[in-house]
Amino acid sequence: MRLYIAEKPSMAREIAGCLKNPKRGDGYIKTDDGVVTWLVGHVLQQVSPESYDAKYKNWRAEDLPIVPKNWKLEVNPKVAEQFKIVKKLISQADEIIHAGDPDREGQLLVDEVLDFVGNKKPVKRILLNALDETSIRRANANLRDNAEFFNLKQSALARSRADWLIGMNLSRAYTLAAQRAGNRDVFPIGRVKTPTLALVVRREREIKAFKPIDFFYIVAQFHHKNGNFLAQWKPKITGKFFDSEGRLIDKTFAESYLEKFSAAPLDGKIASVKTTTKKESQPLPFSLSALQIAAGKIFGYSPQQVLDAAQSLYEKKLTTYPRSDCQFLPTNQFSDAVTIMSHLQKTTDNALKILVEHADANIKSWAWNNKKISAHHAIIPTIKPMTGGLSDIELNIYNLIAKNYAVQFYPPHVFDETVATVDYKGEKFTARGKVIKQMGWREFYIVKKSDDEIDQHLPAMENGDAVILIKNRRSKKVQLNRPNISRRPALCKV
């Protein structure tokens with residue numbers, strides 16, 4: 001008998017639905033191709049310190065640190081009945097298919113049960129990055145030896161034991177210290193939550209203590225026989241007039257150089273000019289963290305809202321596995337592009353529709369790279385068409401995922417970048433220009449310009465060419481008082 005062990009009932013139902021003649025039993029689904037059962041999260045849990053030694057029932061500083069020599073697990077009482085069913089099915093099986101989620105926790109969830117019951121049967125691994133029928137059948141036809149994922153299990157096991165060691169020991173240590181100071185509360189310490197809280201508190205203190213400091217740069221407009229251009233002064237001096245990042249912070253000093261640069265003679269020359277052709281590759285498909293960051297910036301969603309929406313889309317078979325830290329795709333899924341893109345053409349999102357209509361499904365971006373794939377790949381749409389019935393947040397997240405998939409079928413953005421240096425009054429001014437040779441993916445994919453994005457086109461020039469400074473009125477100083485972020489400096493034009 002082949003036994004599939006899924007991480008949760010919903011996944012078990014999807015697997016069984018792709019097998020022949022599924023019939024529901026008590027805690028399992030029987031099919032002509034095997035039996036499918038499921039776990040309910042962690043059916044096993046780590047025991048408390050007193051299970052290792054009764055003396056640990058009382059919290060005492062002299063007993064710390066508590067470090068088990070042989071780690072123990074116990075069955076979670078809430079799911080004890082399902083565990084009994086799984087254990088019995090394992091004893092009856094000839095072959096076991098590990099169908100946990102394709103991440104380290106999903107790997108550990110099933111592996112720890114197999115280890116706990118002393119399983120010696122052969123175990124295969126099915127990697128379900130999507131729950132549509134085609135993806136499940138494809139994964140079932142390409143089973144892998146579960147031993148290949150031993151290190152993934154060890155990673156999850158290390159995380160679990162680290163949580164226990166830090167939680168049990170530091171919670172007791174801090175609580176006992178607080179009690180000695182007269183406090184009777186319990187102070188729970190966690191491996192993740194405590195340093196995360198510290199980051200939030202530290203950041204809040206930085207914001208409250210922040211004092212804005214204006215800094216300045218000087219931009220000059222030069223005339224060349226082939227046209228005018230802007231160049232920024234690059235000071236060659238350092239010292240008290242500059243901060244630790246080399247920014248000019250002394251207004252009087254800045255104004256003295258404005259006067260110097262404005263005085264005759266106004267002649268300069270091109271010291272160097274270099275043009276380089278550059279290619280800007282397509283934005284990669286989303287990992288979970290990249291999706292959370294993008295959705296937070298665009299829609300203001302919290303990371304948990306994004307995860308919940310992505311999980312819902314996954315369970316509705318519209319997108320692939322959401323808890324992915326990978327932004328690359330396996331090459332064997334490139335053949336699905338035509339089907340997926342044809343479905344995306346029916347979208348009601350105008351920006352996505354335009355993006356899809358001008359895409360070329362024959363283009364293979366740098367995202368298709370098997371060497372970058374581990375247990376799971378980037379989050380993308382599945383071949384199942386989206387027919388409606390989504391909440392606003394689900395629809396927004398789906399469209400974000402779809403756009404980063406559709407942009408893979410565009411050529412790179414290609415441009416010539418020219419950097420010129422001007423010698424003027426013994427100082428260096430730098431000018432940068434950009435000439436687009438191929439819009440590529442940037443033509444229909446909306447992307448916010450960065451602060452250092454190049455807008456100007458430099459005139460044709462060569463080393464030694466003469467230039468003349470064009471005087472301009474100074475702009476007013478910009479007052480800035482936002483906390484510790486990328487700020488625009490006061491802009492002074494010669």
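**Entry 1: a word I need first**

By contact, or touching, I mean heavy atoms within 4.5 Å. I keep that in mind for Ile397, which touches Leu291, Ala295, Tyr301, Val306, Ala309 and Leu313, leaving aside residues up to four places away in sequence. I also remind myself that this is a predicted model.

**Entry 2: staying with Ile397**

I looked up where Ile397 sits, and its place is in helix 12. Is Ile397 buried or exposed? Its relative accessibility is 0%, and buried means under 20%, so Ile397 counts as buried. I then picked one of its partners, Leu291.

**Entry 3: the core around it**

Next I asked which residues of the largest nonpolar core touch the most other members. They are Leu291, Met341, Leu344, Ile397, Tyr405 and Phe409, out of 39 residues in that core. Five helices each supply at least two of the core residues: helix 8 (288–299), helix 9 (303–315), helix 10 (337–344), helix 11 (350–357) and helix 12 (392–406). Helix 12 gives the largest share, eight residues. There is also a second, separate core of 24 residues, and among its members are Phe242, Phe261, Tyr424 and Ala431.

I went back to Phe409 for its neighbours. Leaving out residues up to four places away in sequence, Phe409 touches Phe334, Ala337, Met341, Ala359, Asp360, Ala361, Ile363 and Trp368.

**Entry 4: stepping back to the whole chain**

I counted secondary structure next: the protein chain has twelve helices and 16 strands.

How much of the chain is buried? Buried residues make up 42% of the 494 residues. I also checked contacts with a separation of 6 or more, and 76% of them come from residues 24 or more positions apart. As for the surface, the chain exposes about 26,700 Å², and carbon and sulfur atoms supply 51% of that.

Charges came next: I found 76 positive and 55 negative side chains. The centres of the two sets lie 3 Å apart.

Where are the cis bonds I looked up? One joins Leu64 and Pro65, with omega about 0°. Pro65 lies in the loop between strand 5 (44–46) and strand 6 (73–75). Another cis bond runs from Ala264 to Pro265, with omega near 0°. Pro265 is in the loop between helix 7 (251–262) and strand 12 (267–280).

Then I turned to positive phi values. Asn21 has a phi near 50°, and its place is in the loop between helix 1 (9–17) and strand 2 (23–24). At 48% relative accessibility, Asn21 counts as partly exposed. Lys317 has a phi near 70° and lies in the loop between helix 9 and helix 10. Lys317 is partly exposed too, with a relative accessible area of 24%.

Technical notes
Residues numbered from 1 in each chain as written. Predicted model: local features only at pLDDT ≥ 70, side-chain atom pairs only at ≥ 80, totals over all residues. Heavy atoms only, no water. Helix = DSSP H or I, 4+ residues; strand = E, 2+ residues; numbered from the N terminus. Buried < 20%, exposed > 50% of the residue type's maximum accessible area, 1.4 Å probe, protein only. Areas by Shrake-Rupley, 256 points an atom, 1.4 Å probe, with all protein chains shown as cover. Lys, Arg positive; Asp, Glu negative; His and termini not counted. Charge placed at Lys NZ, Arg CZ, Asp CG, Glu CD. Core = buried A, V, L, I, M, F, W, Y, C linked by side-chain atoms within 4.5 Å.
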